Amino acid sequence: MSSEPHSALTVMVAMNDTSRARVLVPAVRTRLEAIATVLPVGPGPTFLDDPDIRAALPEVDVLLTGWGCPRITPEVLDAAPKLQAILHAAGSVKSIVAPQAFDRGIQVSSAAHANALPVAEFTVAAIVLAGKRAFRLAAQYRIERTKADPHGMPGSYGTTVGLLGASRIGRMVAERLRNFDLHVLISDPYLTEAEAAALGAERVGNDDLFRRSDIVSVHAPLLPETTGLVDARLLGLLRDGSVLINTARGKIIDSAALERECVSGRIDAVLDVTDPEPLPPESPLLDLPNVFVTPHVAGAVGNEIARLGELAVSELERLTTGQPLQHAISPTELGRIA
């Protein structure tokens, strides 16, 4: 990267080499270098152990962070007195940004929206295919070498889809499901009935969601209160033949209870995340015809990762022109996000 000054802002890119190459593709890097002085160094395991980084921090106005960024501790903040913003070109900032950053008036932004988009698209595709029980039928076709009768499957007209969690991704999924002839339920303790209605959905409690839904898709963040949230009791409320989709976090679901339900054949599951992850080779979930497992691919992969860099640099462009950040994270949100 060029270190020639282009503006009053000095940006340190704080992410590992792999992330830097994937996030800051040439077109994004060109945009970045056109509006800021970009420091040619970035942190390794910590910010303060490397003398070059420690020497550079006093002049840093913006940290452009990503995967591999060390935690930005109060000591790092002390060493960077000019720091105005932390722009995270990845998802959650919870493990990276110390809460003291907000106390000092430092703006924090996340590219979680850009990472959420492919998850929402993946989920909608899974819901449409699950309505036709395409995953189960494909497995049966492959194993039995006999074409099953698809007319014995529910289909996707008038199907009730339950979204567990009105997270950023959950809301994006609800908005996209408006284009389908589905009835959408949402359960989230922070969602009002008016907000649910604005998403084209009905707000319900967890029990009603699992009782009434043909397909349940999990979109809650992984927090202490959501770990094991989908337990044996909730899974038992699902009707025979329903489908559970998880593109959130594996630990939200009681893995032993889920395995029992799937082994019995009573429900189907579409799992992009599991607990543990990856599954052990002997896990029955890998061989069941009613379970479709993917290796955590719903989020940004391949060329989709460039969206994260585009969003972060767009935030920097807004910062340089005095506009508010579009994807700012508040102190309150920091306590609620995964």
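Colleague: Which way does helix 6 cross helix 8, left-handed or right-handed?

Modeller: Helix 6 passes helix 8 in a right-handed crossing. Left-handed is when the near helix is turned anticlockwise from the far one by less than a right angle, and right-handed is when it is clockwise. Helices here are DSSP runs of H or I with at least four residues, strands are runs of E with at least two, and both are numbered from the N terminus.

Colleague: Before we go on, what kind of model is this?

Modeller: This is a predicted model, where local features need pLDDT of at least 70 and side-chain atom pairs count only at pLDDT 80 or more, while totals for chains, interfaces and linings use all residues. Residues are numbered from 1 along each chain as its sequence is written, and side-chain values use heavy atoms, with hydrogens and water left out.

Colleague: OK, back to that pair. What's the angle between helix 6 and helix 8?

Modeller: About 50°, with the axes 8 Å apart; helix 6 is residues 112-131 and helix 8 is residues 168-177. That angle makes helix 6 oblique to helix 8. Under 35 degrees counts as roughly parallel, over 145 as roughly antiparallel, 65 to 115 as roughly perpendicular, and the rest as oblique. The axes are lines fitted to C-alpha atoms, for helices over the stretch in contact, and angles run from 0 to 180 degrees between N-to-C directions.

Colleague: And which residues make the contact?

Modeller: From helix 6, they include Ala112, Ala116, Val119 and Ile127, and from helix 8, Ile169, Met172 and Val173 are among them. Contact means heavy atoms within 4.5 Å. By class, this contact of helix 6 with helix 8 has 11 nonpolar, 2 polar and 2 charged residues. For the classes, Ala, Val, Leu, Ile, Met, Phe, Trp, Tyr, Cys and Pro count as nonpolar, Asp, Glu, Lys and Arg as charged, and the others, Gly among them, as polar.

Colleague: How does helix 6 pack with helix 13?

Modeller: At an angle of about 145°, with their axes 8 Å apart. Helix 6 brings His113, Ala114, Asn115, Leu117, Pro118 and Glu121, and helix 13 brings Arg307, Leu308 and Leu311. That contact divides into 5 nonpolar, 2 polar and 2 charged residues.

Colleague: What about helix 2 and helix 13, how do they cross?

Modeller: Helix 2 (residues 26-35) and helix 13 (residues 306-320) cross at roughly 15°, and their axes come within 9 Å. That makes helix 2 roughly parallel to helix 13. The crossing is left-handed. Val28, Arg31, Leu32 and Ile35 of helix 2 meet residues of helix 13 including Gly309, Val313 and Leu316.

Colleague: Switching topic: how many cavities of 30 Å³ or more are there?

Modeller: The structure holds 1, and the largest cavity has a volume of about 50 Å³. On a 1 Å grid over the protein atoms alone, a cavity is a set of points where a 1.4 Å probe fits but cannot get out; a pocket is an open set with protein on both sides within 12 Å along at least five of seven lines, and lining residues have an atom within 4 Å of a point. Points are joined across faces, edges and corners, and a volume is the space filled by probe spheres set on the points.

Colleague: What lines that cavity?

Modeller: Arg133, Phe135, Asp268 and Asn290 are among the residues around the largest cavity. By class, its lining has 8 nonpolar, 1 polar and 3 charged residues.

Colleague: Where does Arg133 sit?

Modeller: In the loop between helix 6 and helix 7. Phi of Arg133 is near 55°, a positive value in a residue other than glycine.

Colleague: Now the second largest pocket. Which helix gives the most to its lining?

Modeller: Helix 7, with 6 residues. The pocket holds about 180 Å³ of space and is lined by 14 residues.

Colleague: Last one: which peptide bond ending at Pro276 is cis?

Modeller: The one from Asp275 to Pro276, with omega near 5°. Pro276 is in the loop between strand 11 and strand 12.
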